[in-house]
Amino acid sequence: MDFNLEIFSLVLFIGACFAGFIGSLTGLGGGVIVIPILTLGFGVDIRYAVGAALVTSIATSSGAAAAYIKEGITNVRIGMFLEIATTTGAVAGAIVAMYLDKMYIAIILGVVLIFSAIRSVSKKEDGIDYSAPGDKLGDKLKLNGSYPTKDGRVEKYNVHNVIGGYSLMTVAGVLSGLLGIGSGSLKVLAMDTAMKIPFKVSTTTSNFMVGVTAAASAVIYFQRGYIDPGLAMPIVVGVLLGAFFGSKILPKANVRNLRLLFSVVIFFLAVSMIYNALTGKM
């Protein structure tokens, strides 16, 4: 390995640590943060960037999901239920991708993400009664749960609008199939806004789901030769390390600050996505 390659790998590792840390805190999975870093920062071909991002999403999910489940924050039952929607949508998105130019989808996604960022940061966490009676379907599917708060209490919550959340998850899956990303932002918003699930539960459950979705897509990218081990290895190691520290901070983090962080990251990703599309890099 020559000196330049060592420097390149080190910079990738540092960027991946940041991506894993932010990804585990916001529920994005880290993978979508890697794409702008690779394409805009290093000029990597978008297909190889997506391949590395998919592997990164699996790593983030593996690194953070286990810790969140142990902490009692992740709702595995909701994650597995909604994964049906995202998987179905991803298959449909992959079929549509054969006929629709990714540039237009990327621009649409960018606009949606900007709206999502504004919607998330403007939402007030205080005054929301998460224990209010929820959706009857949520009761039948036993989706309601609880999570520990930073002051040691156990907060119970009930799931609302299960059908609406499931529909949004299908859309997230379609966009994931079209663009090759985990669509963690839309997953968080579907649970947080439509289903009225506490933000910490939404982000951790999204982390759990992102890895499952990415694993299916990564197989296709691997078969097509778009996963470069030399590119993916320093990123995976860095993301795992960043996700580990993120999982330690999240249980004690302030929800308002998490929303602000989520919105800033989403806005940056949206602008990057639109820029990539308009400059022909997508």
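These are my notes from looking through a predicted model of one protein chain.

**Overall layout.** I started with the secondary structure. I count 11 helices and two strands in the chain. Along the sequence the order reads α-α-α-α-α-α-β-β-α-α-α-α-α.

**Burial and contacts.** Next I checked how much of the chain is covered. The chain has 282 residues, and 52% of them count as buried. The accessible surface came out at about 12600 Å², with 68% of that belonging to carbon and sulfur atoms. I also looked at sequence separation in the contacts: taking pairs at least 6 apart, 82% join residues at least 24 apart.

**The strands.** Then I went to the β part. Strand 1 covers residues 145-148 and strand 2 covers 154-157; they run antiparallel, joined by four bridges. I picked out one partner: Y147 is bridged to E155 in strand 2. The two strands make a hairpin, with five residues between them. In the turn I noted G152, which has a positive phi of about 95°.

**Cavities.** Last, I searched the whole structure for voids and got three cavities of 30 Å³ or more.

Technical notes
Residues are numbered from 1 along each chain as its sequence is written. This is a predicted model: local features need pLDDT of at least 70, side-chain atom pairs count only at pLDDT 80 or more; totals for chains, interfaces and linings use all residues. Side-chain values use heavy atoms; hydrogens and water are left out. Two strands pair if DSSP finds at least two bridges between them. On a 1 Å grid over the protein atoms alone, a cavity is a set of points where a 1.4 Å probe fits but cannot get out, and a pocket is an open set with protein on both sides within 12 Å along at least five of seven lines; lining residues have an atom within 4 Å of a point. Grid points are joined across faces, edges and corners, and a volume is the space filled by probe spheres set on the points. Buried means under 20% relative accessible area, exposed over 50%, partly exposed in between (1.4 Å probe, protein chains only). Contact means heavy atoms within 4.5 Å. Accessible areas come from the Shrake-Rupley method with a 1.4 Å probe; for residues, only the protein chains shown count as cover.
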